[in-house]
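This briefing goes with the structure shown below. Please keep the structure open while reading the points that follow.

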Protein chains: 2
Amino acid sequence: MDHVARIQQEWARERPDVDVGPAGVIGRLHRVAGHLTERLCLVYRRFGLAEGEFDVLAALRRAGAPYERAPGELAAHTMVTTGAMTKRVDRLEQAGLVTRRPSESDGRGRVVALTTAGLELIDAAFTEHMANERRLLDALAPDDADRLETILTTWLAVFELPVGEPPA
Amino acid sequence: MDHVARIQQEWARERPDVDVGPAGVIGRLHRVAGHLTERLCLVYRRFGLAEGEFDVLAALRRAGAPYERAPGELAAHTMVTTGAMTKRVDRLEQAGLVTRRPSESDGRGRVVALTTAGLELIDAAFTEHMANERRLLDALAPDDADRLETILTTWLAVFELPVGEPPA
DNA sequence: AGAATATAGCTTCCAGGGAAGATATATCCT
DNA sequence: AGGATATATCTTCCCTGGAAGCTATATTCT
């Protein structure tokens with residue numbers, strides 16, 4: 001009997017007219033996500049990074065050399081608003097991990113780029129980050145992990161590809 | 001090919017030395033959780049509530065008549081600090097949905113209680129909230145939903161019951 | 001009883017993100 | 001060409017929560 005099951009039990013007593021079945025899946029999903037985030041942040045912090053900052057450096061690193069992207073692109077990739085991205089880049093620039101310069105092709109645009117220090121930091125942090133995720137996932141049997149990924153992929157598609165992939 | 005798969009592909013190109021398999025499950029879990037939160041908040045907002053406020057009212061409602069709990073209890077139930085709870089209760093008190101009075105048995109303690117307006121609001125909101133969760137979950141086949149709950153229960157136990165249930 | 005410690009809640013300060021608007025540049029249309 | 005609209009980013013203000021410390025009350029121990 002876990003925390004979520006206790007909550008469901010209380011609702012069943014207080015509101016027997018309502019079906020609280022779905023809260024079992026959704027409640028546990030949120031709690032698992034929260035615990036995972038907490039554990040992942042421990043590794044980020046060892047490198048002096050907050051979660052959002054790690055995300056930005058990772059998005060730049062994934063872009064490949066010369067490790068550059070526009071702020072708007074970064075915002076879209078990391079699911080935050082451009083206002084939040086401005087502040088993240090401010091902090092990373094302050095820390096000497098990225099630079100910001102005007103775009104050559106578009107006077108409105110800026111280019112955010114990893115510095116050498118930023119590249120080295122994210123490469124080291126990412127290696128440990130993935131090892132950390134591996135350890136966390138090892139709590140599940142491999143079959144369960146596969147099945148979980150399949151089901152989540154299905155569910156995610158409902159939110160992110162609601163009318164089918166564009167026909168290319 | 002969803003967003004998470006694209007990210008994995010980019011990492012595979014840039015960092016072929018690292019196994020990015022676990023990011024498939026963990027990344028999708030976080031994204032699904034984020035989308036669910038967004039959808040759930042839409043219902044809360046229809047009742048003028050933020051997520052945290054809904055959680056507090058729900059915790060009070062689940063307690064059963066007379067719908068009272070100590071702030072510290074509420075904080076533990078909803079996984080926030082007592083400082084955050086003080087401010088949530090401030091807002092709910094301001095809105096006339098809860099009252100706050102000194103505890104009779106412990107001079108240090110306070111008792112937070114639903115008002116009639118608070119009780120009516122959370123009962124109406126909870127009914128719609130569960131219908132909303134049901135709709136969201138209906139995107140999955142019933143078998144998948146069951147399997148998902150089972151796997152998440154296993155995983156959650158690793159975080160919340162690390163050394164086994166207390167022997168009662 | 002009286003001192004030391006523990007507990008409950010609150011206050012203060014700070015960090016992070018969202019929303020809306022401001023600014024500068026680009027593009028489109030006549 | 002020139003005005004209207006669109007786009008990219010930044011700025012400002014606000015909301016929420018965390019961390020640490022404060023105050024009042026309880027409890028424990030001598």
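Two residues are in contact if their C-beta atoms, placed from the backbone, lie within 7 Å. By that rule, 51 residues of chain A are in contact with 51 residues of chain B. The model is predicted, so to speak of local features a pLDDT of at least 70 is needed, side-chain atom pairs count only at pLDDT 80 or more, and totals for chains, interfaces and linings use all residues. Residues are numbered from 1 along each chain as its sequence is written, while chains are lettered from A and ligands numbered from 1 in the order in which they are written.

**The side of chain A that touches chain B**

- Helices (H or I, at least four residues) and strands (E, at least two) are DSSP runs, numbered from the N terminus.
- At least two residues each come from helix H1 (3-14), helix H2 (22-46), helix H3 (51-62), helix H6 (116-137) and helix H7 (142-160) of chain A.
- H7(A) gives the most to this side, with 15 residues.
- Sorted by class, this side has 28 nonpolar, eight polar and 15 charged residues.
- Ala, Val, Leu, Ile, Met, Phe, Trp, Tyr, Cys and Pro count as nonpolar, Asp, Glu, Lys and Arg as charged, and the others, Gly among them, as polar.

**The sheet of chain B**

- Three strands of chain B form an open sheet in the order S1-S3-S2, with antiparallel pairing; two strands pair if DSSP finds at least two bridges between them.
- Strand S1 (68-69) and strand S2 (98-102) of chain B are the edge strands, and each pairs on one side only.
- Five bridges join S2(B) to strand S3 (residues 110-114) of chain B in the antiparallel sense.
- B:Pro102 has B:Arg110, in S3(B), as its bridge partner.

**Backbone features in loops**

- Most residues other than glycine have a negative phi, and most peptide bonds are trans.
- A cis peptide bond with omega of about 5 degrees joins A:Ala65 and A:Pro66, and A:Pro66 is in the loop between H3 and strand S1 (68-69) of chain A.
- In chain B, the peptide bond from B:Ala65 to B:Pro66 is cis, with omega near 0 degrees.
- A:Tyr67, in the loop between H3 and S1 of chain A, has a positive phi near 60 degrees.
- A:Tyr67 counts as buried because it has 21 C-beta neighbours inside 10 Å; a residue is buried if 20 or more other C-beta atoms lie within 10 Å of its own, exposed if 12 or fewer, and partly exposed in between, with C-beta atoms placed from the backbone.
- A:Met79 has a positive phi of about 60 degrees and counts as partly exposed because it has 13 C-beta neighbours inside 10 Å.
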